[in-house]
Amino acid sequence: MELTQELLRKIATLSRLEIAEEDEPLIIEKFRQVLGYVEKVNQLDFTGVEPTVYAVDTKSVMREDSLREPLPRAEVLANAPSRDEAFFLVPKVLD
Amino acid sequence: MVSKIGVSEIRKMNMLELSAKLISKELSAREVTDDSLKSIEETDGKISAFITVCADEARKQAKVIDEKRARGENLGAMAGIPVALKDNICTRGVRTTAASKILGNFVPTYDAFVVERLKANGAIIVGKTNLDEFAMGSSTEHSAFFPTRNPWDLSRVPGGSSGGSTAAVAAMLVHGALGSETGGSIRQPASLCGVVGLKTTYGRISRYGLIAFGSSLDQIGPVGRTASCAAAMFRAACGYDASDSTSLNASVPSIDVCLKTDLRGKKIGVPKEYFTEGISREVEDSVRGALSWYESQGAEIVEVSLPHTEYGIACYYIIAMAEASSNLARYDGVHYGFRAQDAGKRDDVYFKSRTEGFGEEVKRRIMLGTFSLSAGYYDAYYSKGLKTRTLIKRDFSRAFEKVDVIMCPTSPFTAFELGAKVDDPLAMYLCDVYTVSANLAGIPAISLPCGFGAGNLPIGLQIVGPELSEPLLLAMANAFESDHDFCGRTPAALT
């Protein structure tokens, strides 16, 4: 797989990250090393092999609905970078 | 009351001895806590194990324990014991950073399940320890704040990502700690710091309140100076939790079961794939020495094969990075955490906050994970990673049909110099070569000191068992350490 500058930029956008143009060659080089290594799995024969998402058997857990106190609003909002008494504040979304 | 026991004696005591002195009231929780805080003040300047020390909270907890004891109330098994928590475990009212700039000012509004459990057991939480940012690394150099140093040699790394927890325990700043694992982040630093670290069966300890990295792999686990310390912490931390949908409803084993076993007739598997090129001679010699000791006690050594071992690292990084990219999407600069100063538009809030807030290694993993999950590449990478995981899990299931446990090294080498691998991601990833498979298979594994190499650096033995075999692993570790003096030595930084 050839990791191009164009593909790197697409991945960065999907990841909501910015990359400075001068950093791109080194990032591409390191990504190629890692991808080259993990492509080792292509040597394996996966005929009849099912994927494992969780190694331990897990089942959906059902429980009765019950009322509980929510997290205290003031404490939760205290962690927000921008807020008023009741809301998270963000820059204007609609023009 | 003036204690007859000197400061250094408290610090050197193991957790069980200390607990006995607390129960007999020869020591108060306040004295023990003050001693731990003083040792952090004196020693941590050299090691940098702690991101946050919570002296006031710790003294308040100690006061409560002493008052309860004075009233004759029943106290938990860890009453008055000072412990530390890796700083990706949420503590109500105490800053929890995951060693990231993006969570630099984050103060959780709730305690993680394990924190509730430790507090209910009377443990005194004295501080939050350093880690590689979001637990992504094997040296603790990827912390956004500062690197932690190995107490055995300050020019070397403690391993990672739970390097702060293992260094704090090795330097005797606390009597136990919790770390977390995704691919070896408790066992590898435990090995490099000469302490005991346990990675439990997936689901054994609730992940509620653990800052997520790779959700199908993440587990919290104990770090102790000895197997008995790790056993006490394990018992305090485990148990069913309805808040974690993957929590196992398994009973908490008794302390006796965790410390005693008959080694006669135990079958120990030795995987031939773990003793190949890449392992240092001194590590191989120490581990083989430990195997001979178990054999001398009546255990049987059986060669086993884990044929997909060489694909472990590739499989692990595909899965862990994919899960990381998804988990770390929540850091958006809106609800909590860092927001870039100049984020004037909606998209700037996301792009600039994440770009400035995450470190290089975290960004690398988010991007590689995003790539492996993206349209056109999912089948080539992520899907193959999950299928490789099936093959690795199958290897272990077949091996455990023949043997009780598997023994091998924890790390191919002893602690390396700071800076030696930090700019070479692949070299850093290969540190986890002997540990990732247990995470992929969801099974428990322990690392315990089994010798010292050149420069007096600790070497770790790893014991891997089938699901829910933690008591056996702890008891086998306890048997070895009872007949050797590798645990509890004083590291160079303290002398």
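Analyst: Helices (H or I, at least four residues) and strands (E, at least two) are DSSP runs, numbered from the N terminus. The model is a predicted one, in which local features need pLDDT of at least 70 and side-chain atom pairs count only at pLDDT 80 or more, while totals for chains, interfaces and linings use all residues. Residues are numbered from 1 along each chain as its sequence is written, chains are lettered from A and ligands numbered from 1 in the order in which they are written, and side-chain values use heavy atoms, with hydrogens and water left out.

B:Asp404 counts as partly exposed because its relative accessibility is 30%; buried means under 20% relative accessible area, exposed means over 50%, and partly exposed lies in between (1.4 Å probe, protein chains only). Leaving aside residues up to four places away in sequence, B:Asp404 touches B:Gly265, B:Lys266, B:Lys267, B:Gly465, B:Pro466 and B:Leu472, where contact means heavy atoms within 4.5 Å.

Helix 14 itself comprises residues 382-402 of chain B, and B:Thr388 is found there. B:Thr388 has a relative accessible area of 0% and is therefore buried. Its contacts, again without residues up to four places away in sequence, are A:Val41, A:Leu44 and A:Phe46 from chain A, together with B:Tyr311 and B:Cys315 from chain B.

The twelve residues of helix 12 (residues 346-357) of chain B should span 16 Å at 1.5 Å a residue, and the end C-alpha atoms are 16 Å apart, which agrees. The expected span of a helix is 1.5 Å times one less than its number of residues. B:Val349, B:Phe351, B:Lys352, B:Ser353, B:Arg354, B:Thr355 and B:Gly357 are buried in helix 12 of chain B. The buried residues of this helix pack against helix 1 (5-14) of chain A and helix 13 (360-373) of chain B.

Side chains of opposite charge can pair when their charged atoms come close. A salt bridge is a side-chain nitrogen of Lys or Arg within 4 Å of a carboxyl oxygen of Asp or Glu, and the structure holds 30 of them over all chains. In one, the side chains of A:Glu21 and A:Arg9 meet at 3.9 Å, N to O. A:Glu21 lies in the loop between helix 1 and helix 2 (24-38) of chain A, and A:Arg9 in helix 1 of chain A, so the pair ties together parts that are twelve residues apart in sequence. A:Arg9 forms a salt bridge with A:Glu24 as well (2.8 Å, N to O). Because A:Arg9 lies in helix 1 and A:Glu24 in helix 2 of chain A, this pair ties together parts that are 15 residues apart in sequence. A:Glu21 is exposed at 56% relative accessibility, A:Arg9 is partly exposed at 37%, and A:Glu24 is buried at 3%.

Chain B has its own example: the side chains of B:Lys119 and B:Asp111 meet in a salt bridge of 2.9 Å, N to O. B:Lys119 is partly exposed at 35% relative accessibility, whereas B:Asp111 is buried at 12%. Salt bridges that share partners also join A:Lys30, B:Glu360, B:Glu361, B:Arg364 and B:Arg365 into one network.

Finally, helix 4 of chain B shows how burial can be arranged around a helix. Helix 4 (residues 55-70) has 16 residues and reaches 22 Å from its first C-alpha to its last, close to the 22 Å expected at 1.5 Å a residue. B:Ala58, B:Gln61, B:Ala62, B:Ile65 and B:Arg69 are its buried residues. They cover an arc of only 100° around the axis, which puts them on the same side of helix 4 of chain B; the arc is that of the directions from the helix axis to the C-beta atoms. On the other side, B:Asp56, B:Lys60, B:Lys63 and B:Ala70 are exposed. The cover over the buried residues includes helix 2 (15-23), helix 3 (29-47), helix 5 (113-120) and strand 3 (124-129) of chain B. Just after helix 4, B:Gly72 takes a positive phi of about 75°.
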